[in-house]
Amino acid sequence: MEINLNRVDYIQVGVTSQKTMRLLPALGKKATQKVAVADHDGILTCFGMKKGEAVPVFKTLPGQKIARMDLGGAAGTPQEKIFVCSGSQVRGFTKKGKQFLTFEANLTESINAMHVSGADLFVCASYIYNHYCDCKDQNYYLSGDKINDIICLSSENVTRLVPVLACQDRVLRVLQGSELAYDIEVPGPPSVLELYNKDGGEEILCGTTDGNIGLVQIGECSAATKWEIDNDKKKGGILCIDAYDIMGDGVNDILVGRDDGTVEVYGFDSANEPTLRFEHVLSESVTSIQGGCVGKESYDEVLTATYTGWVTGLTTEPQKAEAGPGDEVRMSKEIQSKVEALRAELEQLQVKVKQGREQYQQTSQSSTAVSAVPVFSINDKFTLCQDDASYNLTLEVQTAIDNLLLQSDVPIDLLDVDKNSAVVSFSECDSEPNGNFLLATYRCQANTTRLELKVRSIEGQYGTLQAYITPRLQPKTCQVRQYQIKPLSLHQRTHSIDQERPMNRLSLVGQFSFAEIHSWVVFCLPEVPEKTPAGESITFYFHNTFLGTQLEATYCKGEGHFKSDNISTISILSDVLSKEATKRKINLNNSYDINDESVSHTLKMIHPKLEYQLLLARKVQLIDALKELQVHEGNADFLIPEYRNILDESANLLEEYKKQPAHLERLYGMITDLFIDKFKFKGQNVKTKVSSLLEILDNYDLNSLLDFFNEA
């Protein structure tokens, strides 16, 4: 059963954060609901719809940026009190806009997640969780990694309130008082939590930054995952979720908002499996999503708020009237007045723009006027994508982007992105004296507010990628954003590793503190929390997204132990950690335990990738010749099936080859590094034999490559 929803734009406020728009409870069964939305200007706006117009109920004065919003009220009454947090302060407003609470949490960092339940207030700031009851301190917990969201469960089976924290290290932490009851491993870093049933219950919906959704049932001492929806189509990360019965079948549907602007509605089939019923793409990231009735009585809708502050509805109310040939199209009075109001508004705006331009011309020519740089906010994300071992750089600006300049002091490849319509041009750079390896300019089409780029780095080469963003604003202004490319940039955190693989070991001993060695590990590896972990020692597990090799890092004050089935990983770690220690004038004693079996193990892991890329390159080389033959002979029937298949698939083959530039060179580079590193630990320099290795790779055969490694 599909559903048809039509888009209606209501109002625009300032730039919004995640989860800052809520629908107030309806007064009657089918009555329309009021909408509360808060923005970065610190303004809380509440509006309702009357005769197709957005009518403000109240609007607060500007202040500090509002990061979250929640609804609350006494238990058993409608949850219609609005709570917002900005900085470390929580404020409460009635539905009429009267402020009744100002609570200072006295946290050193800004609150980034909040939940209200009756007299209980739960707030999180980076790593800290605090629970207050009637504004008095109750419980406190320090998390091992950043907290992205919090939700609380209350049901008949569970006697107490159960807080659940979504933490960046791919874990949901379930608390009991100030202690950790247990944790649940999830496939990606969780970004948002929502109750599946608003009236209580033990089921929570969880969305991750890599675009997966799951339903988890929380028990007293353990949890179970009911179902998961994988992100097979490579859509954006999840920013907001809501559960609401939009289909009208008595079962809550799941409404999802993603950071690439996709809005989805999932219903349930007869086997109780979630299936996609509706999809709509907005041009910017969806920060909040709610199900309810806003525009017109009895018509349900999906209400969204976007990054630049547009509040948009996808309503079940039909918006189009169809007329056949010769029919007279009659507009209702309501629509006529709407059209007239829009025309009047347009004329007013045109006059305003004209006046603004004239004023700007006058001030720009005056000798006393001072030019001020316009401030604009940028929403950016630089994340490692597991599927193709590349980094996704997403930039979103509140006004249209004019151009973007990318500069990097390390060699990186820019990969093709389907969603990106900007025109890219590369400038030659002098990499030797200045260490400048990439200079690329993206010129954007009109009204582009969001850009998505993909880059792939080389492990062992580390530095900074800089993005210079220039929007279409007068006077011309630019902001610079920097992204660190780490020595082991293609590694990703994981919950466990396979201990049966042949491992190489690196051990460090020296006069360093726990905080110092932790800062070195943060410098080397992505997804490690910047805060030094609590306790005496810590273990982290990683896997390489490109090759599938793994790494275990265990360290404490004065010593560190690293295990990996890839010698090159150990070699990079050894070089970088020694360099960092030397900077701090700390003497390190390094000891190695190298397992020769690990080299052939790594080569066997590279083998399928290398074989596939060589075959792809060979097929692409044949395409032109085969096409010429086809033109010459008039058809391709005389070719053997293999060649006919290459011709049929030529478009896909070329596209795939274009999407993965330098993929073969990458694999060749990894094998060469592996060869050099194997003998480096034996004290031999084999750089003279690299040319022989490349000859073997050109006529690739796994056994002859293994023999070469063993005989050299």
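**Close-up 1. Helices α5 (597-633), α8 (663-680) and α9 (690-698) are among the elements that cover the buried residues of helix α10.** The model shown here and in the other views is predicted. Helix α10 spans residues 702-711, and its buried residues are Leu702, Leu705, Leu706, Phe708 and Phe709. These residues lie on the same side of α10, because they cover an arc of only 160° around the axis. Asn710 and Glu711 are exposed and sit on the face of α10 that is turned away from the buried side.

**Close-up 2. Four strands form an open sheet in the order β29-β30-β35-β32.** The pairing in this sheet is antiparallel. Strands β29 (378-385) and β32 (412-415) stand at the edges; each has a single partner strand, so one side of each is left without a neighbour in the sheet. On average, neighbouring strands of the sheet are turned by 25° against each other, with direction ignored. In general, the strands of a sheet pair through backbone hydrogen bonds, in either a parallel or an antiparallel way.

**Close-up 3. Asparagine 212 is located in the loop between strands β19 (203-208) and β20 (213-218).** A polar atom of the asparagine 212 side chain lies 2.9 Å from the backbone nitrogen of asparagine 231. Neighbours within four places in sequence left aside, asparagine 212 is in contact with Pro187, Cys206, Gly207, Ile229, Asp230, Asn231 and Ile238.

**Close-up 4. Cysteine 556 belongs to strand β41, which comprises residues 550-556.** Which residues are in contact with cysteine 556, leaving aside its neighbours within four places in sequence? They are Phe512, Phe514, Ile517, Glu536 and Ser537. Leucine 674 is 118 residues from cysteine 556 in sequence, and the C-alpha to C-alpha separation of the two in space is 29 Å.

Technical notes
Residues numbered from 1 in each chain as written. Predicted model: local features only at pLDDT ≥ 70, side-chain atom pairs only at ≥ 80, totals over all residues. Heavy atoms only, no water. Pairing = 2+ DSSP bridges. Helix = DSSP H or I, 4+ residues; strand = E, 2+ residues; numbered from the N terminus. Axes fitted to C-alpha atoms, helices over the stretch in contact; angles between N-to-C directions. Buried < 20%, exposed > 50% of the residue type's maximum accessible area, 1.4 Å probe, protein only. Arc of directions from axis to C-beta. Contact = heavy atoms within 4.5 Å. Polar contact = N/O pair within 3.5 Å; in protein donor to acceptor, adjacent residues only side chain to side chain.
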